[in-house]
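Here's a quick walk through a protein model, done as questions and answers.

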Amino acid sequence: MSANTLQQPISYVLGHSDQELDRLSRQAELFGPFTRQLFEQAGITSGMRVLDIGCGAGDGAFLAAELVGATGEIVGVDRAPAAVERATARAKNKGMCNVQFVAGDPTSMEFDGPFDAMVGRLVLMYFPDPVEAVRKLARHVRPGGLVVFQEFDIANCRSLPHAPTFERCIGWIRQTLSLSGARIQLGLELYPTYLAAGPPGPRMRMDALIGGGWENPAYALVADVTKSLLPAMEKLKVATAAEVQVSILEERMRNEVVGLKGVVLSPGLIGAWSRKPT
């Protein structure tokens, strides 16, 4: 198949450095309970064979592996060899024999048999045409199998009362991702995406982290994303390193929100699930 027949991804501006892969795992730990609830509610269960799209450092695949058990199988796919290497090493360290990871473009790859379910977390937002992506990816799922995705609504992220540093930082993140081509509200687009791609209209749920005080993990979450995006922010002229002050960014956000006795709300994590028509 020639390269121009494949759907080329947009630039993934967060990169795949060790720092970014570490950040993804910290983020996955925070959002893990929401993803587990989505997988369980969708019907991921013992003995299933599951394809994980855009597996990254492997956190979503490990979560699914716990649900399918020793009689099930997880295959994680990512375009970035560095991510696959990290995920493979982690699986070995965990002694997980029901998980394997491969590098490649899942919209064009072939596998040895259909899957009972396909899952993906924060991956469709980086496809130039999510409808075409789901259409191509769904061919890996058996008739009656599950199609499950979980995507952000970054517009959901905010503070109350208005915390200037937090709001400015979220604005930089939204603008940088949007300029790179990412869809920052794809979570809200999942329902029409499924309908246009072929699976029936999905059931949906939304989760988010909310809280205030000194121990709120949202400050570190936002500061970590900003740090990974900083090179792109400067390249796209969204913000400079001097403006961001990344070394004290988390501290500044925390001090402001606590001083205001306020709360901050994370991006909405919107999950959708449906079964492939039989």
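Q: What makes β2 and β3 a pair of strands?
A: In this predicted model, 5 bridges join β2 (residues 73–78) to β3 (residues 99–103). Pairing takes at least two bridges, so these strands count as paired.

Q: Why is Leu122 called buried?
A: Its relative accessible area is 15%, and buried means under 20%, so Leu122 qualifies. Leu122 sits in the loop between β4 (115–121) and α4 (130–137).

Q: What does Leu122 touch, leaving out residues up to four places away in sequence?
A: Leu122 touches Gln27, Gln150, Glu151, Phe152 and Leu269.

Q: How do you know that the length of helix α5 agrees with its residue count?
A: Helix α5 (residues 164–180) has 17 residues, and at 1.5 Å a residue it should span 24 Å. Its end C-alpha atoms are 24 Å apart, so the two agree.

Q: Which residues of α5 are buried, and what covers them?
A: Among the buried ones are Phe166, Ile170, Trp172 and Leu177. The cover includes β6 (158–160), α7 (218–235) and α9 (249–259). Just after α5, Gly181 takes a positive phi of about 105°.

How values were computed
Residues numbered from 1 in each chain as written. Predicted model: local features only at pLDDT ≥ 70, side-chain atom pairs only at ≥ 80, totals over all residues. Heavy atoms only, no water. Helix = DSSP H or I, 4+ residues; strand = E, 2+ residues; numbered from the N terminus. Buried < 20%, exposed > 50% of the residue type's maximum accessible area, 1.4 Å probe, protein only. Contact = heavy atoms within 4.5 Å. Expected span 1.5 Å × (residues − 1).
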